[in-house]
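Colleague: Please take a close look at the metal site in this model. Then follow the charged pairs around the chain.

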Amino acid sequence: MTDKTITIDVRKDLFGANEEAAAINASIFEQHGIRAIDVMGSVGTGKTMLIETLCERLADKYRILMVAGDLATTIDADRVASHGVDTVQINTQTACHLDARMVRVALKKVDLSKYDLVFIENVGNLICPAGYPLGAEKKIVVVSITEGPYMIRKHPLTIKRSDMVVINKVDLAEALEFDVDSLVRDIREIDATLPVVRVSAKTGEGVDELIRVLDL
Ligand code: MG
Ligand code: ZN
């Protein structure tokens, strides 16, 4: 760190209000017997395709709702809806993450008695979503090998605050001469025991393992 580096202290009251709203969401999910999973990751890591694949595999077992966070579009929600899954869209406009209150507003729009599993696709961004719990039982981070080798090392806090890392697009590793093990080693430097699952949402490789680790 040089003497020109400035560390910004984020206002704690903002996070405090979010934690309260997240606790309310968690109790709403619990009342309805719903399991909720917050899916975080940069734009283009394959969060939506992963949710689509999970919805396909789990459609017989769970009644699924997808809550889609996006700055401006409904592209992701439309894709998941094309699999017959109900969706709610949250357009955050300028906010680069979902917060718990936005999710609560979205949940009010649906009949929660109709669902037992909720996937929340967070806004594509690997930095602040991890600082805003939404009341989900698990926060998973999706990284992909097309983002280059430094995604883990550059986002240590996000990794620390997550419950699992999914390394997506492993089907491309050979063609890109990408060392997937190096990403796992970077994760291990941050957290020695965090579950890490290697998948290809496209080919389906590793998805059964992901479902097992998510206990779904
Ligand atoms: Mg997406
Ligand atoms: Zn943000």
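Modeller: In this predicted model, the magnesium ion (ligand 1) is coordinated by three side chains: Thr48 through OG1, Asp76 through OD and Glu121 through OE, at 2.0 to 2.4 Å. Along the chain these donors follow the spacing T-x27-D-x44-E. Thr48 lies in helix 2 (residues 47-58) and Glu121 in strand 4 (residues 117-121), so the pair joins distant parts of the chain, 73 residues apart. Both Thr48 and Glu121 are buried.

Now the charged pairs. Side chains of opposite charge can pair when their charged atoms come close. The count here is 10 salt bridges.

Helix 2 also holds Glu52, which links to Arg79 in helix 3 (residues 75-81), 27 residues apart. Glu52 counts as buried because its relative accessibility, 11%, is under 20%. Arg79 is partly exposed, at 32%.

Helix 7 (residues 180-190) carries Asp186. Asp186 forms a salt bridge with Arg153, with closest N and O atoms 3.3 Å apart. Arg153 sits in the loop between strand 5 (138-144) and helix 5 (156-160), 33 residues from Asp186. Arg153 is exposed at 52% relative accessibility, whereas Asp186 is buried at 12%.

Asp181 is in helix 7 too, and its partner Arg198 is in strand 7 (residues 196-198), 17 residues apart. The closest N and O atoms of this salt bridge are 2.9 Å apart. Arg198 is partly exposed at 37%, and Asp181 is partly exposed at 39%.

Finally, a network of salt bridges links Arg35, Glu137 and Lys138.

Conventions. Residues are numbered from 1 along each chain as its sequence is written. Chains are lettered from A and ligands numbered from 1 in the order in which they are written. This is a predicted model: local features need pLDDT of at least 70, side-chain atom pairs count only at pLDDT 80 or more; totals for chains, interfaces and linings use all residues. Side-chain values use heavy atoms; hydrogens and water are left out. Donors are N, O and S atoms within 2.8 Å of the metal (3.2 Å for Na, K and Ca); water is not among the atoms, so sites may look incomplete. Helices (H or I, at least four residues) and strands (E, at least two) are DSSP runs, numbered from the N terminus. Buried means under 20% relative accessible area, exposed over 50%, partly exposed in between (1.4 Å probe, protein chains only). A salt bridge is a side-chain nitrogen of Lys or Arg within 4 Å of a carboxyl oxygen of Asp or Glu.
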